[in-house]
Every structure is written in structure tokens, then in C-alpha cells.
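I opened the model to look up a few things in turn. My notes follow in the order I made them.

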2 protein chains.
Amino acid sequence: MNDAGKITSLHILDAASRIAPHINKTPVLTSQTINRLLNAEIFFKCENFQKVGAFKARGATNAVLSMNKEQLLRGVATHSSGNHAQALSWAASLVNTRAYIVMPENSSKVKVAAVKDYGGIITFCEPTLIARETTLDRILQETGATEIHPYNNEQIIAGQATAALELIREIPGLDIVMAPVGGGGLLSGTSLSVKYFLPNGKVIAVEPEQANDAYLSFTSGNFIPSLNPDTIADGLRTSLGSITFPIILAHVYQILTVSEESIVRSMRYLWERLKIVVETSSAVPFAALAEGKADVTGKRIGIIISGGNADLDDLPWIKNE
Amino acid sequence: MNDAGKITSLHILDAASRIAPHINKTPVLTSQTINRLLNAEIFFKCENFQKVGAFKARGATNAVLSMNKEQLLRGVATHSSGNHAQALSWAASLVNTRAYIVMPENSSKVKVAAVKDYGGIITFCEPTLIARETTLDRILQETGATEIHPYNNEQIIAGQATAALELIREIPGLDIVMAPVGGGGLLSGTSLSVKYFLPNGKVIAVEPEQANDAYLSFTSGNFIPSLNPDTIADGLRTSLGSITFPIILAHVYQILTVSEESIVRSMRYLWERLKIVVETSSAVPFAALAEGKADVTGKRIGIIISGGNADLDDLPWIKNE
């Protein structure tokens, strides 16, 4: 295996063409106040405006549009309590196939309702990884559906890579592209797009200190999974995968970590300054800049805002009654 | 006086050229979910992404860029506790002139800090209209500054009109353009842009039931001011002016009113679906559609989202501790 797995520049360009009729070309926002604060030019690629409210729509769409007729008759399946569940349900509806979603029984009502809204067929299970995997295995056997893993899947990675591709096309001369890292689907895709389409650019990833498996794996060179990570950035609790880790090791320049407090403060700051709703995970890269963890003076930096599915009734900077 | 006051299509086009280097060309957002819900096509013109977070930057910029050298030496002045205070302070800084802002002493700390950040010179006064006007008169006499009224001013109206002009240019074939109405600067400007640039289009304005002076004035044909209106939409508490009212009477198709509950629900819904931060006043036009107060089936409707300066620590759908 070469250091990009099987994913070439053509795979990413093909994914971009394939998904273009279905997804949003999301806007890039800037703020003079933020640029003055950091003495740099920051370009926010707003995947919170993507279909289903997150970049996950890109990978899921690429995956379902790459399936053959026989596979489409049998459907797709995954276990997820987050944005991938919604994205896969929505993408499956585009091609009139079924999406079987295994969700832990303690999933939030909002997320269960969203998956149902998009037409996903939900099977609840106990809230453990083993129960999720066992339940998914049973469904795969019963239905013959194709498993679409949330990140450890080359079609997913090529799809997520199209966000950085769009950003690189729209904003010339970026020095750095930043993304959050959880399972590494977005980050590995971003690092491949930078390798192929912005060869002088660097990728800096950011992770919560309290879910720092990617940081530990990256700095040691050995895969070190997270054990029950406890971070408010719920999209970043997963550990890297066997496909995403080698790509990240080869093509990412640096992984930084940030505190919980700084994630919340940065989330609120982005809402206030950019007037956009972003979820906790999306605030993680900016938090590293706000904390001064990377010297970006005079640089042009693209930041991928990963999603906007925040719980508007429970904001981390407001204490509810 | 003709029914457009002194404001011709050329005034609006000149304003657009004059302010273009300084303001944001704001994006137009859509939502398939909202379109399906209303069985119509809704185009949200996002002035929450405008400089200082509101359309007010347009009028203020047009006003200061229309001043002569002598006037610029002496500065500008207004009384305002809202977005106009920030907009005028910011616009004044563009042309290196002073902005004297009279603010009631009970203004929120956030708004006072924002005006200071933009370089405004604040004079506090008692929180009554008479104290505001008296204090402003004294400052005008002492400084020789030019008063820039928040809405009853033709340069301001021509500036606000450029938001609808941009929307009409970007989205062809609109049937209806909607805007909230407070003092009527945005609405009168919007109605003139529709008259000149979208002659088959209709303008529908929306106002809180609890601040329904524009509705009463419009339906009776006589100016009826609001007395101490109590609405959560703080940008819409002001009454129409002597310049804005005749324009609105001549060129607006309909004024609708909405309940407080519906404003809050619509605000939250726009945050959730569009992933944007909008202030209470911005939710008012959509609230009329959500309440079914206008039949828009099959129509193409532009809605001007007026601003995004919401208090993130005090959201009306969350009960704080």
C-alpha cells in the first residue's frame, strides 16, 4: 500500500463530479475582526451549510453513488449516533435505497428524529461498541446490505476530500489548511487534497486534549486508540482507523490539542463574529489559533467548519434552569 | 413631493456603487426543507453577514460617503441604542470622521462596548425619547456635526435599498420581497428597489403585533405612532417617519403582523435549519409565512434577513438560571 492508500487525485476529482448535483457548494466566510486578531487571513469553509448540516453528506453521497445495481437493491447499513447516520440516510434516499442505522438506545431524541426524517430504518441497541457492532453484523447478514463505515472507507474519504478541494479551488495561495480530527475521514481526505492540489500547503489537525488518540498515534507513529474519551466535541470521540491513520501519518504536518474550555469559548466566538451556527467539533481548529498554539502570522489559512448540528436548547456557555 | 420622495433609481444605483468597496455582498441561502414546508421557493438575503452584523451598514456608509469635506471635518451624530449606532460609528471610521452617539444609560453593555470598539464617541442620557433628542441637539450645536437619522433620511433609505437591489440582481423572477418594518428605512428602500428593478414584484412587510404602528398607519392611511411598544423584536419598536411613511404607503403591497411567540419560534427555526445566527427582528417576516398569514404557494419569495446581533447569552427560547 502506498501512503495514500488506494486514493488518487482522480478518485477525489471523480467524487467531486459525482456528488456535485446533490450537495451544496458551501460558502467561504471571512471576518476582518478575526484577521486583525490573528494577524493572518482566515478562510472558513462552511460545511455547516452542507446538506444534513455537515461535511458527512459528501462521503455518504460518494459512497452510495459508487454502488452497483445489485448492491442498491439491498441497501446500506452503519452504526452511528451522529452526523454520519443522518448523512447516510439522506444519501440513500437520493438513490432510492434503504439505510439501516444502528443507534444506541440512549441517542438523543433530536438525532433519532433527524434520522427518521431522512428515511433511515433504525435498530436500537445497548450503548456499547460491542452491541453496536454485533447488531450491525446481524443486520448485514439478514439484509445483505453494504456496510458504509463512517470514516474507514475509501469512498467516504474521497468524498470528504472534496471539501478541501473546493476550498483550494476558490481561495488561491493558501499556506495552511486546518481540520478537526476524530476518526480521521475528513482529515485524511483533506490531507490528500492538499497533497494533490496544493502541494506547497501544510495540513494542521486539531483534536480535543481529552480525546487525543490521533495526537498520540501521530507523534508515536503507533496506533493508540482512545478509551472512553470525555469531550464536549462529540463528533471527535472516535479513534483513527486502519485506512485513515497511515494517510494522516504521511501527509499531515502537525496535530495540536485544545482544552474543553477553549472549545466552548471558540464556539461562542464563531457564532458571535461569523453569525453562523457551528457545532462543538467545528470550533476545535479555531480554538488552537485562539490559544496561540500555531504561529500563523502573515499566513493564509483555510479552516474547515465541519458541521452545524448544535443542540440549540442546550448551549455549553449557557446554564439552563 | 412625488411618492418616492426624492429617491430615484439612480440614487439607489449610485449608492450601490459608492458603498460596494466597503460593504459585504451578502450571500443568499435556501433550504429544501423550508421550501417543501411552504410549497414555495424562499431566498434568504443574509444581511446578518453584513459589516457590523446588519443591513444598517449600507445606509450609514452611503450617508458618510455622500458628505462634503467641511461636513467630514465636523463629524456625524445620532441617537440610537441599536445597530444604527454601531453602523454609523463603523462608517465614520471609514472616512476618518468622528461619530457622536447618544445612547440611553440603560443600554446593554454589549452594545455600548460594540459602539466603542468601532470608535464611536458615546454620550449617555436618560432613557427617554425627549432626553435623547435634547442631548443630541446639544451635541449638534456644540460640534457642528451632521445628524444622520437612523431611517428618516434619504441617503440612509437609498443605502438600505441596495440590499433588495442585490437580491433582485442575483435571484431572477422573484414574485414577492419581504422585509421587517420598524422605522421603515429598510422597508421604504426595499419598496423603491422593487418598484424600479422588479416592477412585477410585490413587497410584503411584517411587523410584531405588539408594535403595529406601521400596520395601523398603512391600513388607515394616517400616521399613527407606537406608544411604548413592548416586543422582543427590539429593532422594530420605532415608528415610521415623515419620509418613510409616504414611500411605504405608495409602494408596499401589504403589511402583516405576527405574535411574539411566533417570532421566537421562527428565530429558533431559522437558526436550526439555515445554521445562521439571526436577531429577533430578522425572524419576523418568516414568522408570517410560518403562521400561514400569506399564501405563497408556488411563488418565489425573497426575504431580507436584517441582522445577526443576537445576545448569545440570553436566547429567548432558553430559560437562564
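**Entry 1: between the chains**

I started with a pair across the interface. Arg268(A) and Asp313(B) form a salt bridge through their side chains, with N and O 2.7 Å apart. I keep in mind that this is a predicted model. How many salt bridges are there between chain B and chain A? I count two.

Next I asked for polar contacts. The rule gives 10 residue pairs in polar contact across the interface of chain B and chain A, with both residues of each pair at pLDDT 80 or more. Which element gives the largest share of the side of chain B that touches chain A? I find helix H12 of chain B, residues 260-274, with five residues. I then sorted that side of chain B by residue class. I get 10 nonpolar, six polar and nine charged residues.

I also took the overall extent. On chain B, 25 residues are in contact with chain A, and 25 residues of chain A take part in turn. The buried area between the two chains is about 2200 Å². Carbon and sulfur atoms give 55% of that area.

I moved to helix H12 of chain A, residues 260-274, where I find Ser262(A). Is Ser262(A) buried or exposed? Its relative accessibility is 2%, so I note Ser262(A) as buried. Leaving out residues up to four places away in sequence, I see Ser262(A) touch Ala287(A) and Glu291(A).

Glu291(A) makes a salt bridge with Lys293(A), and their closest N and O atoms are 3.5 Å apart. I note Glu291(A) as partly exposed, because its relative accessibility is 29%. Lys293(A) is partly exposed too, at 35% relative accessibility.

A further search turned up a network. Salt bridges with shared partners join Lys45(A), Glu47(A), Arg58(A) and Glu166(A).

Glu166(A) and Lys45(A) meet through their side chains in a salt bridge, at 2.5 Å from N to O. Why does this pair tie together separate parts of the sequence? Glu166(A) is in helix H8 (residues 154-170) of chain A and Lys45(A) is in strand E3 of chain A, so the linked parts are 121 residues apart in sequence. I find both Glu166(A) and Lys45(A) buried.

I then checked another pair. Glu41(A) forms a salt bridge with Arg300(A), and the closest N and O atoms lie 3.3 Å apart. I see distant parts of the chain linked here: Glu41(A) is in strand E3 (residues 41-46) of chain A, Arg300(A) is in strand E11 (residues 300-305) of chain A, and they are 259 residues apart. Glu41(A) is partly exposed, with 36% relative accessibility. Arg300(A) is also partly exposed, with a relative accessible area of 22%. Over all chains, I get a count of 28 salt bridges.

**Entry 2: the sheet in chain A**

I traced the strand order next. Four strands of chain A form an open sheet, E6-E5-E4-E7, and their pairing is parallel. Which strands stand at the edges? I find E6 (121-125) and E7 (146-147) of chain A there, each with a single partner strand, so one side of each has no neighbour in the sheet.

E4(A) and strand E5 (residues 99-104) of chain A run parallel and are joined by four bridges. E5(A) pairs with E6(A) over five bridges, in the parallel sense. I followed one row across: Thr78(A) is opposite Ile101(A) in E5(A), and Ile101(A) has Ile122(A) in E6(A) as its bridge partner.

**Entry 3: Gly185(B)**

My last stop was helix H9 of chain B, residues 185-197, where Gly185(B) is found. I note Gly185(B) as buried, because its relative accessible area is 4%. Setting aside neighbours within four places in sequence, I find Gly185(B) in contact with Tyr151(B), Ile157(B), Gln160(B) and Thr244(B). I also checked Phe223(B), 38 residues from Gly185(B) along the chain. Their C-alpha atoms are 16 Å apart.

Technical notes
Residues are numbered from 1 along each chain as its sequence is written. Chains are lettered from A and ligands numbered from 1 in the order in which they are written. This is a predicted model: local features need pLDDT of at least 70, side-chain atom pairs count only at pLDDT 80 or more; totals for chains, interfaces and linings use all residues. Side-chain values use heavy atoms; hydrogens and water are left out. Contact means heavy atoms within 4.5 Å. Buried area is the accessible area (1.4 Å probe) that two parts lose on being put together, summed over both. A salt bridge is a side-chain nitrogen of Lys or Arg within 4 Å of a carboxyl oxygen of Asp or Glu. A polar contact is a pair of N or O atoms within 3.5 Å; within protein, one must be able to donate a hydrogen and the other to accept it, and residues adjacent in sequence count only if both atoms are side-chain atoms. Helices (H or I, at least four residues) and strands (E, at least two) are DSSP runs, numbered from the N terminus. Ala, Val, Leu, Ile, Met, Phe, Trp, Tyr, Cys and Pro count as nonpolar, Asp, Glu, Lys and Arg as charged, and the others, Gly among them, as polar. Buried means under 20% relative accessible area, exposed over 50%, partly exposed in between (1.4 Å probe, protein chains only). Two strands pair if DSSP finds at least two bridges between them.
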